[in-house]
Amino acid sequence: MGHKERLMQYLLDNEGITQRQATEELGNTRLAATVHTLRAEGIDIVSIDKIVPTRWKTKKGEAKSTKVTFYKLAIDDNTKTRTNSLLARLKSKVPNLFKKN
């Protein structure tokens, strides 16, 4: 299973993913490139910038923060569930993802 398939499965099973999660859990050090490829194939992936604390402190002892990008599949805002049309597109774009081994 390649980066695209692993990422698609992760996005289906979880709320979303950051670069750190992709590196640690999927071994994907180029998440943005994989997202770009999936978007080019018609998969609707949303990018959300989030501010997160770092391990570093300011001179006043306050936590420093940085911006990270959080990627997730587009979902139906009314029901907060993925639509059947999205799943149908996923199955057609990444057919091996849903094949039982």
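Me: Which definition do I need before I read the names of helices and strands here?
Reply: Helices and strands are DSSP runs, numbered from the N terminus. The model is predicted. Among its elements are α3 at 31-40, β1 at 45-57 and β2 at 63-73.

Me: How do I read the packing of two helices?
Reply: Two packed helices are described by the angle between their axes and the distance between the axes. In this structure, helix α1 covers residues 3-13 and helix α2 residues 19-26; their axes come within 12 Å and cross at roughly 115°. That makes α1 roughly perpendicular to α2.

Me: What is the handedness of the crossing of α1 and α2?
Reply: The crossing is right-handed.

Me: Which residues of α1 and α2 make the contact?
Reply: On α1 they are R6, L7 and Y10, and on α2 they are Q21, E25 and L26. Sorted by class, three residues of this contact are nonpolar, one is polar and two are charged.

Me: How do I read a pocket?
Reply: Rolling a probe the size of a water molecule over the atoms shows where empty space is left. Here the largest pocket has a volume of about 250 Å³.

Me: Which residues line the largest pocket?
Reply: The lining consists of T18, Q19, R20, L31, A32, K50, V52, P53, V68, T69, F70 and Y71. By class, seven of the lining residues are nonpolar, three polar and two charged.

Me: Which element gives the most to the lining of the largest pocket?
Reply: β2 does, with four residues.

Terms used. Residues numbered from 1 in each chain as written. Predicted model: local features only at pLDDT ≥ 70, side-chain atom pairs only at ≥ 80, totals over all residues. Heavy atoms only, no water. Axes fitted to C-alpha atoms, helices over the stretch in contact; angles between N-to-C directions. Helix = DSSP H or I, 4+ residues; strand = E, 2+ residues; numbered from the N terminus. Parallel < 35°, antiparallel > 145°, perpendicular 65-115°, else oblique. Left-handed = near helix turned anticlockwise from the far one by under 90°. Contact = heavy atoms within 4.5 Å. Nonpolar A, V, L, I, M, F, W, Y, C, P; charged D, E, K, R; others polar. 1 Å grid on protein atoms, 1.4 Å probe; cavity = no way out; pocket = protein on both sides within 12 Å on 5 of 7 lines; lining within 4 Å. Points joined across faces, edges and corners; volume = space filled by probe spheres on them.
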